[in-house]
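Student: I would like to request a close look at a single part of this structure. Please take me through that part and its surroundings step by step.

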Amino acid sequence: MAAPRCDQTAAWAALRGHHEASGGFDLREAFKADPHRFARFSQQAPHVFADLSKNLLDTRTGQLLLELARECGVEAQRDAMFSGEKINSTEDRAVLHFLLRKPAAERTDSAWAATKSIASELRQVHATLDAMLAYAQQVRADEAITDIVNIGIGGSDLGPQMAVLALQGYAVAGKRFHFVSNVDGHELAAVLEQVRPQSTLFLVASKTFTTLETMANANSARQWFTQQGGTDIARHFAALTTNVQAAKEFGISTTFDFWDWVGGRYSLWSSIGLPIAIAVGAQHFRELLAGAHEMDQHFATAPLESNLPVRLGLLDVWYRNFHGFTSRSIAPYCSALRRLPAYLQQLEMESNGKRVDRQGRLLPYATSPVLWGEPGTNGQHAYFQMLHQGTDVVPAEFIAVRKASHALAGHQPLLLANALAQAQALMQGKHDAGGHRDFPGNRPSTFLLLEALTPASLGALLALQEHRVFVSGAVWGINSFDQWGVELGKVLAGDIASRLGTGDTSGLDGSTAGLLGRLRQP
Ligand code: F6P
């Protein structure tokens, strides 16, 4: 696809000039000058209302950013994904996770799913989904199974764990969910202390079925199971993987597969979502998919100026490349979304943490911001100090849910008041000549609001985040779907693991050799 590099477009130069000219942009003045600013910079997308008005942008910024998207061919890149082109060029793969949420009945000759191969993939998707959901229902009905232990890491852990927590209000009674990801044996040991072989189902979740941490934990779990007298591996272990053969060789016969065109961090919609399906049931899992599908359609068809993933992705570019902001803080004002920052961290940073373009050429501009955060109101009593008065400006993303699902009086208004107040305080600031009590204000934030935290709204929120990452990656001209940066450490860990056994430090740098020596001390 022949699109110019983003920093060589006319829009980029115009944005640079616009940024310099509007250096003194003040949100407080912007609201005074434009009584319609809230309406102008907010919108309803499927299940998500977004207020972008407290961001450092005006109508001209929005227009120039849209021109940038057009010049960089964002729409063509989006359509290439939706039509099944192999846009993950370094792995020679298509990127079709959206297909996992597409209803079986939907015509496949629509604008964004034209190819025959997609139609056949869609049939496989639904056959696997039906089998996976039937199994989930069977496990839910099986009162003898009280504990589900998901063993997986990265995308095979963060998505399912985040979603099971988020949808705890929908969870089946009588089952506990455990997530073991770290190769630190304390994690698995702590879970094994709580469970019994006859009432536990282990789900070994790994796209590749080769990941060191997951294999180590799976091996130990199987060993524990047999040592504790467990016999029926087929009943107590299931594998969620694209590498069914490796799972079989491991000794697991109950397997649910998926495909190489699902990136790990985009996989909770696939068989990797089995713990979610067991927790909330087949119908709610289908609603999760349906909510995400609504957002897919919005992204695929809404005009760019009212396309929320496009607007958010472009805002991310504006902050990263023109304001030079290095991070984004995620503040879910909803305790059930407490693992969302970690999930989004992988989504953004593993996708867009790249320094070369699709052809492998070094880029002269910044890409992925650092994502971090904790649920509100906890963050307020920890690091919000820095957001309000620190030397760096950190755009904040508030994610709030209007209706609570508990019956405790008074909590929800307090929670929502705090979310609004923090966004307001960041923007308004407070002048105090004394210095220490002075809040500069004019600090930007985005406010995403869900009506209620349901499977459908969660699905839409997550798909929104996936697509906004796509948009900024498309502007930057990078491959958002590979992750070569994790490989070197994996290789070196293998080498060091064997040296820890032998004590061989030959060829190592002084620090690694010194530390290895200390670790080997009796
Ligand atoms: O090492 C990074 C990574 O490949 C992630 O992209 C992925 O989500 C995680 O490891 C787990 O991989 P797998 O599902 O193959 O075990």
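Student: Which residue is the bridge partner of S329 in β10?

Tutor: The partner of S329 in β10 is A396. The model is predicted, so local features need pLDDT of at least 70 and side-chain atom pairs count only at pLDDT 80 or more, while totals for chains, interfaces and linings use all residues. Residues are numbered from 1 along each chain as its sequence is written, and side-chain values use heavy atoms, with hydrogens and water left out.

Strands (E, at least two residues) and helices (H or I, at least four) are DSSP runs, numbered from the N terminus. Two strands pair if DSSP finds at least two bridges between them. Strand β10 (residues 396-403) runs parallel to β8 (residues 327-333), and five bridges join them. Another of their bridges links P332 with I399 in β10. β10 also pairs with β11 in the parallel sense, over seven bridges; here A400 has L449 of β11 as its bridge partner.

These strands belong to an open sheet of six with mixed pairing, in the order β1-β2-β11-β10-β8-β9. Because β1 (42-45) and β9 (370-373) stand at the edges, each with a single partner strand, one side of each is left without a neighbour in the sheet.

Six of the eight residues of β10 are buried (under 20% relative accessible area, with a 1.4 Å probe and protein chains only), so this strand is largely enclosed by the rest of the structure. Helix α17 (residues 411-428) lies across β8, β10 and β11 (445-452), where contact means heavy atoms within 4.5 Å.

Technical notes: Axes fitted to C-alpha atoms, helices over the stretch in contact; angles between N-to-C directions. Buried < 20%, exposed > 50% of the residue type's maximum accessible area, 1.4 Å probe, protein only.
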